[in-house]
Amino acid sequence: MLKVPDHQVAGHRGDGGKLGPLVDDSGRFYKPLQSDHRGDTELAFYESFYSNTEIPGHIRKFFPAFHGTKTIEASDGSGPQPHLVLEDLVAGRTNPSVMDIKTGSRTWYPEASEEYIQKCLEKDRNSTSVSLGFRISGLRVYQNSEAGFWQPEKKVVYSFNADGVRSALRKFVSSNLSLGPNVDPDGLYASKVYCHRGGILAQLLQLKEWFEVQTNYHFYSCSLIILYDRESALDGRAHPKVKLVDFAHVMDGHGVIDHNFLGGLCSVIKFIRDIVDEDNECAKCEVNLGLKENGFYKSSTEPELDHEAC
């Protein structure tokens, strides 16, 4: 049984007779293989990435598992179409909170047409992509069984400035969103989601270490997905995860570091670190867990570790 993903926060949705991704009950995500060069590029990336023995195992976990391609009935009713078969990132999670962060100040790729470049430039300049090196494309935060999810409209998210981004990252880990927009977000789950050993910050730092040396790929218009389980966070196990998605514009790195993506990633880390530094519980965690070493946060290869102190 295929259905439209419930927790998609950005990109084209496959409802209302439109073409978009589908998911099944076995934990697989079916992304339409675009008929132009974008589909070929994304498929070629997955095949290259998962056959590249130089990619460290602890880095592979940041990318969706790839299960090849399959022809299935398209969501828009246009008939059978080829789809990428990928890992459903939220499979097994009941009410995940999800954020999509398009990373890099430049979202257009070098070989793009002038028309496409101008289209991307307009979006990049009118959002925080140019000023911050990233922009939030969408987010969905679970509140409680009565209030459901908080999900701001796409045009509201697109209009975020630096303060709006900072507020959204704090709201993403807050428990009091249902009290209204005039209440300051409490950031209650920041220690469980962001600063926990194996949390979002530690995972982003692992990615940063790899992007500081990898020269195989340049990731244009790629997104960071960050997610966690709020209900589990109440019991101390938020299961935070970081994943990279959308590789239709990945280019050969030609032996050069991807400074565009790396710069955006560093900016995301800074914004989250600022929230961590403001949080008293996070300060307690870094003392008890030794998360800081010479002024920097250490990463962990075990993202599921839990400690009572945090």
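This is a predicted model: local features need pLDDT of at least 70, side-chain atom pairs count only at pLDDT 80 or more; totals for chains, interfaces and linings use all residues.
Local features need pLDDT of at least 70 and side-chain atom pairs count only at pLDDT 80 or more, whereas totals for chains, interfaces and linings use all residues. Residues are numbered from 1 along each chain as its sequence is written, and side-chain values use heavy atoms, with hydrogens and water left out.

The protein chain has 11 helices and 13 strands, taken as DSSP runs (helices H or I, at least four residues; strands E, at least two) numbered from the N terminus. Of its 310 residues, 51% are buried, that is, under 20% relative accessible area with a 1.4 Å probe and protein chains only, where exposed means over 50% and partly exposed in between.

Across the whole structure there are 24 aromatic pairs, which are rings of Phe, Tyr and Trp (its six-membered ring) with centres within 6.5 Å, called stacked when the planes are under 30 degrees apart, edge-to-face over 60 and tilted for the rest. Phe49 and Tyr50 form an edge-to-face pair, because their ring centres are 5.1 Å apart and their planes stand at 85°; Phe49 is buried at 0% relative accessibility, while Tyr50, at 30%, is partly exposed. Phe211 and Phe261, by contrast, are stacked, with 4.5 Å from centre to centre and 25° between the planes. Since Phe211 belongs to helix α8 (residues 200-211) and Phe261 to helix α10 (residues 259-278), this pair ties together parts 50 residues apart in sequence. Phe211 is buried at 0%, and Phe261 is likewise buried at 0%.
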